[in-house]
Amino acid sequence: MIAQYFAQINDNKIVTMVAVVQQEFLEANPQRYTGTWVETFIGVAGKTYAGIGFVYDEATQNFTEPIVESEV
């Protein structure tokens with residue numbers, strides 16, 4: 001069994017949770033995994049592993065880090 005990683009995204013495409021779960025289990029338990037879930041990858045060239053606050057881009061099917069403004 002190979003680990004799969006999924007990110008829950010809200011309506012603004014912002015990651016709110018990341019889980020290690022098989023896709024079949026995720027789909028079979030909608031009461032436990034509510035909302036929209038998108039697969040994320042570790043160690044795959046051209047893909048960014050999702051973290052909470054990251055933004056999902058549907059066009060590239062990838063995640064970008066949130067922009068954090070530094071305090072001056």
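My entries follow, starting with ground rules.

**Ground rules.** This is a predicted model, so I kept its thresholds in view: local features need pLDDT of at least 70, side-chain atom pairs count only at pLDDT 80 or more, and totals for chains, interfaces and linings use all residues. Residues are numbered from 1 along each chain as its sequence is written, and side-chain values use heavy atoms, with hydrogens and water left out.

**Layout.** I looked up the secondary structure and found one helix and five strands in the protein chain. Here helices (H or I, at least four residues) and strands (E, at least two) are DSSP runs, numbered from the N terminus. Along the sequence the pattern reads β-β-α-β-β-β. The C-alpha atoms fill a box of roughly 45 × 30 × 20 Å along the principal axes.

I got an accessible surface of about 5300 Å² for the protein chain, with 53% of it on carbon and sulfur atoms. That area comes from the Shrake-Rupley method with a 1.4 Å probe; for residues, only the protein chains shown count as cover.

**Sheet.** Which strand order does the open sheet have? I read β2-β1-β3, three strands with antiparallel pairing. β2 and β3 are at the edges with a single partner strand each, so one side of each has no neighbour in the sheet. Neighbouring strands are turned by 30° against each other on average, direction ignored; the axes are lines fitted to C-alpha atoms (for helices over the stretch in contact), with angles running from 0 to 180 degrees between N-to-C directions.

I then checked the pairings, where two strands pair if DSSP finds at least two bridges between them. β1 (residues 5-9) has four of its five residues buried. Five bridges join β1 to β2 (residues 15-20), and A7 stands opposite V18 there. The two form a hairpin with five residues between them, and K13 in the turn has a positive phi of about 70°. β1 also pairs with β3 (residues 36-40) over five bridges, with I9 opposite T36.

**Cores.** The largest nonpolar core has eight residues: A7, I9, V15, V38, A50, F54, Y56 and F63. By definition such a core is a set of buried Ala, Val, Leu, Ile, Met, Phe, Trp, Tyr and Cys residues joined through side-chain atoms within 4.5 Å. A second, separate core has six residues, among them F6, A19, V21 and Y33. Back at I9, I listed its contacts (heavy atoms within 4.5 Å): beyond four places in sequence, I9 touches I14, V15, T36, V38, Y56 and F63.

**Q4.** Is Q4 buried or exposed? At 16% relative accessibility, Q4 counts as buried. Q4 is in the segment before β1, and its side chain makes a polar contact of 3.3 Å with that of E39. My cut-off there is a pair of N or O atoms within 3.5 Å; within protein, one must be able to donate a hydrogen and the other to accept it, and residues adjacent in sequence count only if both atoms are side-chain atoms.

Technical notes:
Buried < 20%, exposed > 50% of the residue type's maximum accessible area, 1.4 Å probe, protein only.
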